[in-house]
Amino acid sequence: MTKQSRPENGNAWTNVLHQPTELAREAFASLRTKCGPYFEEVQNYVIAEPQKALLSAVAVGYVLRVLPVVRIASTLLRIAAALAVPAAVVFGGARVLRKVDRSHNEAT
């Protein structure tokens, strides 16, 4: 994001909300950079062995269809929601301790 396109005041989330298209472009470019070699490897595998690739795709599709994906996802979401509050408390406590430590070090 360019410095001129950002609002002068506000935090990072405000800046993200003001430039969603630029954020999407940056995320896609980052994804392409990180996953490019893997994508090329998969393409080469499909070209070299199309029967195995097709059979693998069908098998993965069948397993995903048979597994209770929605139930698994909802269970993971419930666990994450239950752990979010304690994690926020620990994170907040760590930040408070850091600020107290900084102010104590500045005072001495």
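Me: What does the accessible surface of the protein chain come to, and what share belongs to carbon and sulfur atoms?
Reply: This is a predicted model, where local features need pLDDT of at least 70 and side-chain atom pairs count only at pLDDT 80 or more, while totals for chains, interfaces and linings use all residues. Residues are numbered from 1 along each chain as its sequence is written, and side-chain values use heavy atoms, with hydrogens and water left out. Areas come from the Shrake-Rupley method with a 1.4 Å probe, and for residues only the protein chains shown count as cover. The total is about 9900 Å², and the carbon and sulfur share is 67%.

Me: How many helices and strands does the protein chain have?
Reply: Helices (H or I, at least four residues) and strands (E, at least two) are DSSP runs, numbered from the N terminus. Along the sequence the pattern reads α-α-α-α. That comes to four helices and zero strands.

Me: Where is confidence lowest, and where is it highest?
Reply: pLDDT is the predictor's confidence in each residue, from 0 to 100. The protein chain averages 82, and 82% of the residues score at least 70. The lowest mean, 59, is in helix α1 (residues 12–18), and the highest, 92, is in α3.

Me: Is α3 largely in the open or largely buried, and how many of its residues are buried?
Reply: Buried means under 20% relative accessible area, exposed over 50%, and partly exposed in between (1.4 Å probe, protein chains only). Valine 63 is in helix α3 and is partly exposed at 43%. α3 lies largely in the open, because of its 17 residues the number buried is one.

Me: Which elements give two or more residues to the nonpolar patch?
Reply: Patches are made of residues with over 30% relative accessible area and no salt bridge, joining like charges within 9 Å and nonpolar side chains (Val, Leu, Ile, Met, Phe, Trp, Tyr) within 5 Å. This one covers about 1000 Å², with Val63 and Leu76 among its residues. The elements are α3 (50–66) and α4 (69–107).

Me: Which side chains meet in a salt bridge?
Reply: A salt bridge is a side-chain nitrogen of Lys or Arg within 4 Å of a carboxyl oxygen of Asp or Glu. The structure holds one. At 3.1 Å, N to O, the partners are glutamate 49 and lysine 52.
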